[in-house]
Amino acid sequence: MPATVIYHNPNCGTSRNVLAALTDAGAAPEVVEYLKAGWSLDQLKTLLAAMKLGPRDILRVRGTPAEDLGLTKPSTPDNAILNAMVAHPILVERPIVITPKGVALCRPAERVQALI
């Protein structure tokens, strides 16, 4: 398995910038287009634990059905958000990067520097 993984959306400028920063730094990341590959519940839980974040911290609202699904309500339980992310991969904010230095949601793109 590669030392570096980026959960990437090629249509996202921030995601493209992070991928460029990784390759410019000499990394050969595994690029996972998560909109095509999707997410598993275990995968999301593992990433969140590594980042020390909760589901709301990586919930993408803009350009997604998050509000229509009621996910932005404070009363929505974490499990409902996670299950919705599995059903609708677009609900996960991007890009998420894994390197030997850690795991982070690299938004803004400059956050990737701590992982390089």
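Which side chains meet in a salt bridge with an N to O distance of 2.5 Å? They are those of Glu 93 and Arg 60. A salt bridge here is a side-chain nitrogen of Lys or Arg within 4 Å of a carboxyl oxygen of Asp or Glu. The pair links distant parts of the chain, 33 residues apart. Glu 93 sits in the loop between α4 (78-87) and β3 (96-99), and Arg 60 in the loop between α3 (41-51) and α4. Helices (H or I, at least four residues) and strands (E, at least two) are DSSP runs, numbered from the N terminus.

A word on the model comes next. It is predicted, with local features needing pLDDT of at least 70 and side-chain atom pairs counting only at pLDDT 80 or more, while totals for chains, interfaces and linings use all residues. Residues are numbered from 1 along each chain as its sequence is written, and side-chain values use heavy atoms, with hydrogens and water left out.

Back to Glu 93. Both Glu 93 and Arg 60 are buried. Buried means under 20% relative accessible area, exposed over 50%, and partly exposed in between (1.4 Å probe, protein chains only). Glu 93 counts as buried because its relative accessibility is 12%. Glu 93 also forms a salt bridge with Arg 107, where the closest N and O atoms are 3.2 Å apart. Arg 107 lies in the segment after β4 (102-105) and Glu 93 in the loop between α4 and β3, so this bridge ties together parts 14 residues apart in sequence. Arg 107 is partly exposed, at a relative accessible area of 23%. Through shared partners, salt bridges join Arg 60, Glu 93 and Arg 107 into one network.

The structure holds three salt bridges. One of them pairs Glu 33 with Lys 36, with 3.3 Å between the closest N and O atoms. Glu 33 is partly exposed, at 29% relative accessibility. Lys 36 is exposed, with a relative accessible area of 70%.

Two peptide bonds deserve a look. Most residues other than glycine have a negative phi, and most peptide bonds are trans. The bond from Arg 94 to Pro 95 is cis, with omega near -10°. Pro 95 belongs to the loop between α4 and β3. A cis bond also joins Arg 107 and Pro 108, with omega about 5°. Pro 108 falls in the segment after β4.

Phi values come next. Lys 52 is not a glycine, yet its phi is positive, near 60°. Lys 52 lies in the loop between α3 and α4, and at 75% relative accessibility it counts as exposed.

Now take helix α1 itself, residues 13-24. The buried residues of α1 are Thr 14, Ser 15, Val 18, Leu 19, Ala 21 and Leu 22. They cover an arc of only 160° around the axis, which puts them on the same side of α1. The arc is that of the directions from the helix axis to the C-beta atoms. An α-helix has 3.6 residues a turn, so residues three or four places apart point the same way. The buried residues of α1 pack against β1 (5-8), β2 (30-33) and β3. Contact means heavy atoms within 4.5 Å.

Of the 21 residues in the largest one, Tyr 7, Trp 39, Ile 58, Met 85 and Ile 96 touch the most other members. The elements that give two or more residues to this core are β1, α3 and α4. Leaving aside neighbours within four places in sequence, Trp 39 contacts residues including Tyr 7, Leu 44, Met 85 and Ile 96. Apart from this core lies another, of eleven residues, among them Ile 6, Ala 21, Val 97 and Ala 109.

Last, the cysteines. A search of the whole structure finds zero disulfides (pairs of cysteine sulfur atoms within 2.5 Å). The sulfur of Cys 106 is 11 Å from the closest cysteine sulfur, in Cys 12, too far for a bond. Cys 12 is buried at 4% relative accessibility, and Cys 106 is buried at 0%.

How values were computed
A nonpolar core is a set of buried Ala, Val, Leu, Ile, Met, Phe, Trp, Tyr and Cys residues joined through side-chain atoms within 4.5 Å.
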